[in-house]
Amino acid sequence: MTQLIRTRVAPSPTGYPHVGTAFQALLNWVYAHKHQGQFVLRIEDTDQKRAVEGAEQVIYQALSWLEIEPDESPKHLGDYGPYRQSERLKIYQQYAQQLIDQDQAYYCFCSPTRLAKMRKQQQQADQPPKYDRHCCGLSKTEVARRLKNGEKAVIRMKIPNDQQIIVNDLLRGKVEFDSNIVDDQVILKSDGFPTYHLAVVVDDHLMKITHMLRGEEWLSSAPKHVLLYQYFGWSVPVMIHSPTLRNPDKSKLSKRKGNTSLWWYRKQGYLKEALLNFLALLVWKPHEDQEVFTKEEMVKNFAWSQLNFKAPVFDVAKLQWLNGLYLRKKSLSALVKEVRAWAEWVVAQDDQAAAKQVLVWLNKQPSLFKKALGLAQQRLKLLKEIPELLGFYFAPELDYDQADLLQKHSVKEMIQALTIIKQRLAKLDPWTAESWEQTIRDYADELGWKHRDLFMALRSAVTAERFTPPLFAVMQVLGRTKSLQRLEQASQFLQAVVS
RNA sequence: GGCCCCAUCGUCUAGCGGUCUAGGACAUCGCCCUCUCACGGCGAAAACCGGGGUUCGAGUCCCCGUGGGGUCACCA
């Protein structure tokens with residue numbers, strides 16, 4: 001019988017959804033699904049100082065938005081709960097005690113002050129900072145006495161001297177560490193909470209995780225984890241340290257230098273498909289030259305051997321390109337739905353005026369909105385561009401720019417031109433793109449104007465914008481009546497200028 | 001600084017000893033299409049970090065440098 005693959009992602013609830021978490025989650029999810037395995041979400045809330053209200057909800061929302069749902073989590077109960085580390089304290093304490101009994105861990109009563117002082121001295125002496133094992137030799141009776149006195153204590157794991165510790169990383173192969181440089185790590189804090197190191201080993205084992213995929217930043221603490229597995233007599237799961245995402249300046253992706261919040265991307269109007277595709281592309285390519293794929297295709301083709309382990313720069317320009325691509329691929333009605341969902345979400349998050357405006361348009365003039373969006377679709381890179389791109393269709397009055405309206409001609413000339421054009425277009429029958437365009441070109445010739453100038457003037461008159469979809473298409477969406485009204489408005493605007 | 005990881009165009013990569021005068025994508029620039037913007041099409045510029053080996057032959061294997069990154073907490 002083959003082993004059931006179980007993977008996990010274990011974010012700590014910090015209050016906002018990190019793209020790095022999404023990235024890890026995606027990889028874990030994909031691998032689990034590839035093998036009909038299970039993907040677990042575990043909440044690593046062992047740091048009480050950093051606890052943030054509602055942060056856990058945000059994690060669910062993020063995964064659920066991306067449609068990488070866990071099979072087990074505090075919300076999706078499975079057989080290996082609880083899935084919140086703060087609810088597993090007894091378990092960690094019990095295992096820490098086991099290590100004490102096995103003489104592979106010891107109580108430490110050193111104060112933070114002493115530890116800080118010690119580190120400072122070590123650094124000044126050019127030594128690597130490391131716990132000096134001050135409390136390692138304490139007798140059992142002494143420990144019992146001080147514990148009984150209510151002294152604050154932590155539990156540290158004992159690291160053996162002069163030993164090679166081998167971390168077997170699936171991507172990088174065997175990585176060797178000298179045990180002498182490994183610190184006697186605290187595994188249980190004085191508040192009774194475990195540190196990451198104990199918790200990750202205990203939980204991964206108890207939850208039957210077969211493949212532990214995590215960020216590269218954990219590689220240097222991996223020997224501690226290997227040792228803990230040995231102490232407990234457990235077999236080590238397959239370890240994979242995936243590359244960390246980087247800022248454009250190549251440092252680890254951070255809030256200050258890039259945008260690490262998934263919600264930032266969502267607000268901008270990146271689609272989940274684009275984001276997922278992009279994240280995958282950063283480290284993985286299915287076939288030569290195939291860059292656009294769904295997560296289902298990724299599941300189908302996934303193999304660790306194709307995973308790159310060079311830490312990639314998070315290149316927003318490429319993400320944008322992908323986003324535009326996915327935006328264009330959508331059917332118009334699907335796009336409308338997408339826009340509504342986006343706007344509703346942004347309003348709920350931020351109460352943002354522009355997004356509210358979009359909802360108003362969508363509700364009051366759905367048909368106009370849809371047509372207008374259709375014209376904007378191939379120009380769209382981000383959903384947040386919509387309010388600006390579609391504004392002129394809905395505006396009761398346009399904010400004209402005189403220079404754009406005139407295009408090098410005089411006010412008088414332009415008023416005249418607008419009037420004539422208006423008349424001719426009003427009479428035009430049939431109202432087709434061809435007849436329409438011919439009318440304008442003919443008139444430009446009559447005047448001896450450049451066709452371009454007349455088109456641009458009309459564009460400005462109808463939209464008060466410089467960049468729009470082709471004029472005729474815009475007028476068609478706007479409707480003949482409204483289009484002609486706008487020509488009239490523009491001409492009135494110019495009248496006001498002269499008088 | 002110690003330890004660890006990594007190293008092909010600006011960015012993401014193809015390349016798994018000869019087919020590499022190094023291929024693709026994004027970004028950049030130019031041209032075409034064209035009423036503007038976009039889409040689309042065509043094209044240009046742009047890289048094997050350096051030095052030693054191994055080999056008939058090295059972008060591809062080994063070593064040493066160099067560079068970048070990570071990590072050295074009662075944070076994860």
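**Close-ups of aromatic rings in a predicted model**

**View 1. Two arginines over rings.** The charged end of R156 sits over the ring of Y131, 3.7 Å from its centre. R146 likewise lies over the face of F109, and here the figure is 4.4 Å from the ring centre. Sitting over a ring asks for NZ of Lys or CZ of Arg within 6 Å of the ring centre and within 35 degrees of the ring normal. This is a predicted model, where local features need pLDDT of at least 70, side-chain atom pairs count only at pLDDT 80 or more, and totals for chains, interfaces and linings use all residues. Side-chain values use heavy atoms, with hydrogens and water left out, and residues are numbered from 1 along each chain as its sequence is written.

**View 2. Y229 meets W234.** Searching the whole structure turns up 23 aromatic pairs. In one, the ring centres of Y229 and W234 are 6.4 Å apart with planes at 70°, so this pair is edge-to-face. Pairing takes Phe, Tyr or Trp rings (for Trp, the six-membered one) with centres within 6.5 Å; planes under 30 degrees apart are stacked, over 60 edge-to-face, the rest tilted. Y229 is buried at 1% relative accessibility, and W234 is buried too, at 15%. Buried means under 20% relative accessible area, exposed over 50%, partly exposed in between (1.4 Å probe, protein chains only).

**View 3. W361 stacks on F394.** Their ring centres are 4.4 Å apart and the planes sit at 5°, so W361 and F394 are stacked. Both W361 and F394 are buried.

**View 4. An aromatic cluster.** Y31, W284, F293, F302 and W304 together make up one aromatic cluster.

Conventions:
Chains lettered and ligands numbered in written order.
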